[in-house]
Amino acid sequence: MIFPLSYTLFFFCLILGIFISISSPSWFSIWIGLELNMLSFIPLITIKMNFYFSESALKYFLIQALGSTLFILSSCMLLSFPQISPPLLLTSLFLKLGSAPFHFWFPQVMSGLIWPQAIILMTLQKIPPMVLISYLSMNSNLIQIISFSAILSAMIGALGGLNTMQLRKILAFSSINHMSWMLISIAISDSLWIFYFLFYSMISLSIVVLFNILQTYTLSDLMKFNQTNSIHSLLIPFNLLSLGGLPPFAGFIPKWMLIQLLINNNFFFTLIFLLSSALITLYFYLRITIFFLLLTNPSMSIYKKSNSSLFSLISNSFLFSNLFMFFLPIMFLLF
């Protein structure tokens with residue numbers, strides 16, 4: 001299912017809210033942009049009235065409303081209580097972002113969404129809070145709070161995805177884990193987190209498009225899926241391993257750059273937690289790819305014709321992008 005044409009206005013207002021939030025000169029206008037973004041995303045969640053969409057929309061609205069209340073309260077207290085207001089402002093952004101220790105709502109909301117809604121929540125909805133956190137990272141006292149949240153997000157995102165069979169929850173905990181890398185990069189370099197976010201969004205989009213085409217939501221759906229098409233047997237494992245940051249895939253490039261930056265800035269304690277969590281996330285990515293390694297019969301693919309020319313075109317385009325992403329780190333080494 002994709003969004004109807006009538007929902008284009010809500011998607012436009014969602015993008016408009018993002019631009020208002022990241023370009024406004026005052027906290028009040030930033031709050032207006034955040035509210036416009038939230039109220040535009042809720043109709044996109046309730047695209048079809050059923051129990052799962054309604055529950056996810058209600059949970060998202062309550063959490064975002066609480067975060068907006070804390071945001072406007074702390075911004076009003078900024079002049080009167082300059083010591084209390086910045087940490088409270090940062091807490092409200094962590095709540096809206098879904099970062100640990102305020103991560104509890106993110107997997108619950110993700111589990112009730114379809115794939116087009118999930119990719120918006122995983123990518124576009126993270127832009128305003130993370131840009132605002134980068135504004136607050138100028139304060140040296142808040143960098144310690146950001147680092148603490150990054151460590152918690154790394155471990156919770158890694159351990160939370162181990163005992164679930166739902167692909168949406170796995171990607172939700174994976175998003176929390178990647179959020180830790182982006183948070184720590186915000187504390188060190190503004191340009192690096194943007195670079196990391198672009199790579200994360202590109203790889204996540206390719207995974208979500210494939211899962212949406214195949215209409216798979218659990219690991220058992222992947223097992224039931226006909227594995228005779230060798231193209232899909234390459235697409236999904238390549239994307240997942242790239243998302244996990246396994247070299248030489250393209251997802252390793254921003255992690256590689258951030259590891260070097262953390263070593264140069266003596267963030268060894270934080271780096272240990274980030275690398276440990278990356279190994280754990282690779283485990284449940286490999287648990288998904290094992291189906292394609294064991295259940296694939298490539299010899300039958302030459303006798304199978306595609307059911308849809310559009311389906312074949314999309315598959316081939318993603319295969320080309322994955323092969324390009326595979327050789328991208330090698331180009332970095334050559335230059």
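I began with Phe61 and found this residue in helix H3. The model I am reading is a predicted one. I looked up the accessibility of Phe61: the relative value is 33%, so I noted the residue as partly exposed, since that class runs between under 20% for buried and over 50% for exposed.

Next I checked the surroundings of Phe61. Together with Leu39, Leu58 and Leu62, Phe61 forms a nonpolar patch on the surface, and I noted about 380 Å² of accessible area for the four together. Helix H3, residues 51-76, supplies the largest share of this patch, with three residues.

I then turned to the UniProt record. The unreviewed entry lists several spans as "transmembrane region", among them 60-81 and 142-163. I compared these two spans with the model. Residues 60-81 are 77% helix and 0% strand, with end C-alpha atoms 30 Å apart. For residues 142-163 I noted 86% helix, 0% strand and 33 Å between the end C-alpha atoms.

Last, I went through the backbone. Most residues other than glycine have a negative phi, and most peptide bonds are trans.

The bond from Ala100 to Pro101 is cis, with omega near 5°. I placed Pro101 in the loop between helix H4 (85-97) and helix H5 (105-110).

Gln215 has a positive phi, near 55°. I found Gln215 in the loop between helix H10 (190-214) and helix H11 (219-224), partly exposed at 39% relative accessible area.

Asn266 also has a positive phi, near 60°.

Definitions and conventions:
Residues numbered from 1 in each chain as written. Predicted model: local features only at pLDDT ≥ 70, side-chain atom pairs only at ≥ 80, totals over all residues. Heavy atoms only, no water. UniProt positions renumbered as here; feature names shortened; annotations may be inferred. Helix = DSSP H or I, 4+ residues; strand = E, 2+ residues; numbered from the N terminus. Patch = residues over 30% accessible without salt bridge, like charges linked within 9 Å, V, L, I, M, F, W, Y side chains within 5 Å. Areas by Shrake-Rupley, 256 points an atom, 1.4 Å probe, with all protein chains shown as cover. Salt bridge = Lys/Arg side-chain N within 4 Å of Asp/Glu carboxyl O. Buried < 20%, exposed > 50% of the residue type's maximum accessible area, 1.4 Å probe, protein only.
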